[in-house]
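Visitor: Please show me the model, and I will ask about it piece by piece.

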Amino acid sequence: MHEIPINHILFLSTALFFIGVYGFLSRKNMITMLMAVELILNAVNINFVAFNKYLFPGKLDGLFFTIFIIAIAAAEAAVAIAIIINLYRSHKSIDVDEVNDMKY
Amino acid sequence: MMPDTILIALIPIIPFLCFLLLGLTGKKLGAFSGLLGTASMAVSAGFAALTAYQYFFHVGKIDGVFQKMVVFNYHWLQFTPEISINMGMLLDPISVMMLVVVTFVSLMVHIYSLGYMKGEERFSVFYSFLSLFTFSMLGLVLSANLFQTYIFWELVGVSSFLLIGFYYTKPSAVSASKKAFIVTRFADLGFLIGILILGFNAKTLDFGLLIERLIHVESPYLQTAIASSFMGVSALTWGLLLIFVGGAGKSAMFPLHVWLPDAMEGPTPVSALIHAATMVVAGVFLVARLFPIFILSCPVALDVVAYVGIFSSLFAAIIACTQTDIKRVLAYSTMSQIGYMMFALGVSGYEGEAGLGYMGSMFHLFTHAMFKALLFLGAGSVIHYIHSNEMKDMGGLRKAMPITHITFLIACLAIAGIPPFAGFFSKEEILAAAFHKNPVIFYVGLITAAMTAFYMFRLYFSIFWNKPTPSAGHDHHHHGEGPFTMMLPLFILALCSISVGFIPFGQFVTADGQFLANEFHPMFSIAPVSLALGGIFLAMLFYKNANELPAKLAVSMSVLYASAYRKFYIDEVYLFVTKRLIFNLLGRPAAWFDRTIVDGLMNLIGGLTSGFAEMIRGLQSGKVQSYAIWFFAGVLGFAVLFIYLW
């Protein structure tokens, strides 16, 4: 059985990471930006799993990290959505460009 | 056996506590604060009298010599292993005498002010300032240490400043208080340098040690002080002269006298206390305190004291003859009498008979405090009655204010030196001392004595005679001569002006602490007394009834009269030197340098910072995504840096 080479997996995660970065920088809707951040986190997750499998096959460290990151991502989504709801209450908008009060 | 330390310490501490109390809670106390101040002053005066009694009759004299006793000495600031500033109390004949004079006159002024300052809005503030002044002055005379003297010297200056400017809504009072403070400040700079020179050379600031080390020829301290010189004058002479500059500033000696006449803007009781009886004699006291050094080690400096004294005395007497503000006449007369005290010290010797001048000076200080305080308080009553300081508004008041009239006359006779009033005795001692030492000073002193009689009686006749008695029922005669509190001090001081001359002063206060008999030679007294009588007669001729003579005389001596009336243009000279020369030549360039160079440098730094901030402030846009771009760019930058370039 052919194993998938690590290069392919790394290519996937890098693409996913930069798609996330692009989304984070170009989307104006905050919910979409949150989704872009999730993409970045998942790119990291794939890296962890892949490196764990190929470099330290007998260990589970990378997998644990992945589970941690999933838990943190859930918590982060809860906080971010709470912030977005509050912003919506005060600004009547979730467009990130509208929320630029904290400047010089 | 030592005198009671706590008793002596309480003399200055009571007025200080009173100052704190009145200063902090005066508003609540109201009119009661005057009574409180007076009562505490009375206690203090009582303690001072008790101290004087103990010192002069029980503990002071050992083997026929009055001792200098340091009853308390607290080690305060240590500068070098040798030099320290202590806080102490020194009892010797002059400090004990000054204790009595200061507390007594202060008590009289406290009582008088109960009536004079009644209804004043800042009544309790006035009393707290009086207490502060009394405390500082008592601290000054008790000082056991040259630097302690300086500290209290400045405190006295501050309280004088506060009291001159008491009517702070009057621009003239404000500028007078500033003038007094600045002029004496300049003199005090000299004093401070003098203290440092003496302290450096003698390696001590303690009066006892200082005098001990600087009067013996074989003392190494004295030898180095004489050996080191600056501009051809020895360090010792410089030190003593600079200390005398400080004394001259406080005592209004020429040419630092300009503040004293202006200081009359203060309330009249203050003039009586500070600018007649106590603070202005501080300079005399200072010279007397260091007198052994002056006389035994540096007679040159003492000659300077003598000539400055006699010149100021004559100079002030001439000006006093032309002034029309009664308080200014008294101010110049004060200056003249202090000149008397100064030159008396200047012509004095140290031991035995030769110390007559010193004794006379202290005696005159004592008697002068009594009759000059009386004159000022009398003038205060007149001003209270007339509401004016100008002679031309007065005249014929002898029936309207009989008590003031009689007491004022007594004081005038005393200052003119008519026997048997107090001034006669002290003036005789001074003139006798001058006669033995220096005939020039003696004759000038004699002329001054005659002029003193003339201008004092010019004042007296102009106030109480000259015009018919103003008719009763005239608009401002509603309150009579003044309340009992104003009359009582006049009465007591008049009694003192008559009687204190009979105190055998030579038994108590002499240069070397030994007994010195007050001898009177009737033949010697003929000249001064007849000259004084001549002066009085002349004044009577001119001013008893209004006539043309004074005006005619003024015209015939127009140049002299005009320049004396303008106080010999000393104020104008000061204004020229300060405003024209110092302001234009030093002040303006310095201001330019400050504004352009110093400020410019600071503005440049500030401008650069804010300009740079202006440039980069746009980065903080509030847009989350632009921050994120910078963040990723930074990460990328670091990645490139660490991977490829490091």
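Visitor: What share of the 104 residues of chain A counts as buried?

Guide: This is a predicted model, in which local features need pLDDT of at least 70 and side-chain atom pairs count only at pLDDT 80 or more, while totals for chains, interfaces and linings use all residues. Residues are numbered from 1 along each chain as its sequence is written, chains are lettered from A and ligands numbered from 1 in the order in which they are written, and side-chain values use heavy atoms, with hydrogens and water left out. Buried means under 20% relative accessible area, exposed over 50%, and partly exposed in between (1.4 Å probe, protein chains only). For chain A, the buried share of its 104 residues is 26%.

Visitor: What radius of gyration does chain A have?

Guide: The radius is taken over C-alpha atoms, and the globule rule is 2.2 Å times the number of residues to the power 0.38. The C-alpha atoms of chain A fill a box of roughly 55 × 25 × 25 Å along the principal axes. A compact globule of 104 residues would come near 13 Å, but chain A has 17 Å.

Visitor: In what order do the elements of chain A run?

Guide: Helices (H or I, at least four residues) and strands (E, at least two) are DSSP runs, numbered from the N terminus. Chain A has 3 helices and 0 strands. From the N terminus on, the order is α-α-α.

Visitor: Is B:Thr334 buried or exposed?

Guide: B:Thr334 lies in helix H15 of chain B, residues 326-346. Leaving out residues up to four places away in sequence, B:Thr334 touches B:Leu260, B:His275, B:Ala276, B:Val280, B:His368, B:Lys372 and B:Phe376 (contact means heavy atoms within 4.5 Å). Its relative accessible area is 0%, so B:Thr334 is buried.

Visitor: What relative accessible area does B:Leu581 have?

Guide: B:Leu581 belongs to helix H24 of chain B, which covers residues 570-616. The value falls between the cut-offs for buried and exposed, so B:Leu581 is partly exposed, at 37%.

Visitor: How many disulfides does a search of the whole structure find?

Guide: A disulfide is a covalent bond between the sulfur atoms of two cysteines. The search takes a pair of cysteine sulfur atoms within 2.5 Å as a disulfide. Among the cysteines, B:Cys18 is buried at 6% relative accessibility, and B:Cys298 is buried at 3%. Over all chains, the number of disulfides found is 0.
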